[in-house]
Each structure stands twice: as C-alpha cells, then as structure tokens.
Amino acid sequence: MNKISIAIDGPASAGKSTVAKILAKKMCYIYLDTGAMYRAVTLAVLNNGISPEKADEVAALLPSIEIGFEQGKNGQLVFLNGADVTEAVRQPEVTNNVSQIAAQEAVRVDLVKRQQEYGKHGGIVMDGRDIGTAVLPNAEVKIFLVASVEERAERRYQENISKGIMTDFETLKKEIEERDFKDTTREISPLVQADDAVKIDTTGMSIEDVVNAIENVVNA
Ligand code: C5P
C-alpha cells in the first residue's frame, strides 16, 4: 500500500498527539508534532529575552533556531539547538505565550516550510492546527478532533500531574479557552476544519476508540 499523509487538526488538548503517535507507530509512519515546533520557537524567544510581541526581533531569531526530534525511551524528544527541551516546551510560560508567537507571519512561513519538508515523501502523521488547510492541503486523510472544554481541561490536568507540573483546574480551563480563541481568530491560517476533513468528537471516547475511528477513515 502507498504511504499516505494523515493530517490531524483540532483545538488544544483534544487528544491529537496521543492518537497521532499511536497511529504512526501502528502504520510505521513518521510522527510530527508541529505544536512542539511552535513551542520550541517560543522557548527560544523567551530564552533570548525577546518580548513575544516584538515580531521583528522574533523573525530575526528564526534562522538561528534549529529544531530536532529523536525517539527516546519514553517517547519522542524535542531538541532546540541541540539541547533536549522536551519538558521545557510544556512549561506554563511557553504554553501561555505560544499562540502569540504562532500568529506571526514570519514564524508560520518558516515552520510550515520545515513541516512540508518532513512530509514531502508521505508516510507521515502530522498534528497541529493548520495541517489539513495549509501544511498538507493534499493529505489523503484529514481528521478534525474536538472535545468539550471540560474534558480537554481534565485531560491536560491529569497529564500535568503525571509530569509533576502542578496547575489549578479552573486556571487550566481558562488558559485552554484563551488559546483556542487566539488560534481560531488569528489572521494567518487560523484553526478551522478543512472542507474535506472528517470531524470526530472525542468527548467520552477512549484513546483506543479514537484510534479505531481514525483507522476506519484511513481504510475507507
Ligand atoms: O499542539 P500544541 O498545543 O502543543 O500547540 C501549541 C500552540 O502552537 C497552539 O496553541 C497554536 O498556537 C500553535 N500551533 C499552530 N499551528 C500548528 C500547531 C500548533 O499555530 N500547526
């Protein structure tokens, strides 16, 4: 069977990366977490003492930012200029600034180009916000994953606890809503369901059920 491209988009904490990783492993495909790339740029901006709203300074930093991925013992590792930043990119300071960085044209142009390079031979599962609409508009399979904000906040809350990051549930819910608002209302490539994407509401569904639902679309 030909190696296809699978685009998985949706709002924050809808379970995209969890199911994308499982699917990629089952199909022996590459998995690309594009959110981690926007997070790595955000971390680089903060580490360099640049204010996230200074788009010119952010743009000037981009050529010096090298982002890499490696398979670790407990999952995929994210590297920024050779340093392991897997945990650092999940810290609240990065999470709360990433949407502002991701709304900037220079950042999107640069990262979309890098993502298309990863995807040019197919055999990839990519998750993000604009994969089906901008990064891989010709992807054979496009999925739009959604879930209620309560469920998404609960998932992120449990995930944070397991990583030792302590957060208040209501604060987390508010942050998710704010990030969704910024991601859906930005001018360039806002989060929107592609016309040819299949929408799956994962509220109340197990991870296995979601993976099965996507496999059904792949095999249809
Ligand atoms: O998927 P994750 O929650 O890690 O993404 C972090 C942020 O990166 C999103 O809230 C969004 O602002 C941005 N993003 C994006 N386009 C993508 C992936 C992520 O704008 N393809």
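Arginine 114 is partly exposed, with a relative accessible area of 23%; the class lies between buried, under 20% relative accessible area, and exposed, over 50% (1.4 Å probe, protein chains only). The structure is a predicted model, in which local features need pLDDT of at least 70 and side-chain atom pairs count only at pLDDT 80 or more, while totals for chains, interfaces and linings use all residues. Residues are numbered from 1 along each chain as its sequence is written, and side-chain values use heavy atoms, with hydrogens and water left out.

**Salt bridge within a helix**

- Arginine 114 forms a salt bridge with aspartate 110, with 2.6 Å between the closest N and O atoms; the term denotes a side-chain nitrogen of Lys or Arg within 4 Å of a carboxyl oxygen of Asp or Glu.
- Both residues belong to helix α6 (residues 105-119) and stand four residues apart, about one turn of the helix; helices (H or I, at least four residues) and strands (E, at least two) are DSSP runs numbered from the N terminus.
- Aspartate 110 counts as buried, at 18% relative accessibility.

**Salt bridges between separate elements**

- Aspartate 196 forms a salt bridge with lysine 142, the closest N and O atoms being 3.2 Å apart.
- This pair links distant parts of the chain, 54 residues apart: aspartate 196 is in the loop between α9 (169-185) and β8 (198-201), and lysine 142 is in strand β7 (residues 141-146).
- Lysine 142 is buried, at a relative accessible area of 6%.
- Glutamate 150 and lysine 173 meet through their side chains in a salt bridge of 2.9 Å, N to O.
- Glutamate 150 lies in helix α8 (residues 149-162) and lysine 173 in helix α9, so this pair ties together parts 23 residues apart in sequence.
- Glutamate 150 is partly exposed at 41% relative accessibility, whereas lysine 173 is buried at 16%.
- The whole structure holds 13 salt bridges.

**Ligand surroundings**

- Of the 16 residues around the ligand, those that come nearest are Arg39, Arg108, Asp130, Asp183 and Arg186; a residue is counted if one of its heavy atoms lies within 4 Å.
- An N or O atom in the side chain of threonine 34 is 3.0 Å from a nitrogen atom of the ligand.
- For arginine 186, an N or O atom of the side chain is 2.8 Å from an oxygen atom of the ligand.
- Helix α2 (34-47) gives the most to the shell around the ligand, with four residues.

Methods:
Polar contact = N/O pair within 3.5 Å; in protein donor to acceptor, adjacent residues only side chain to side chain.
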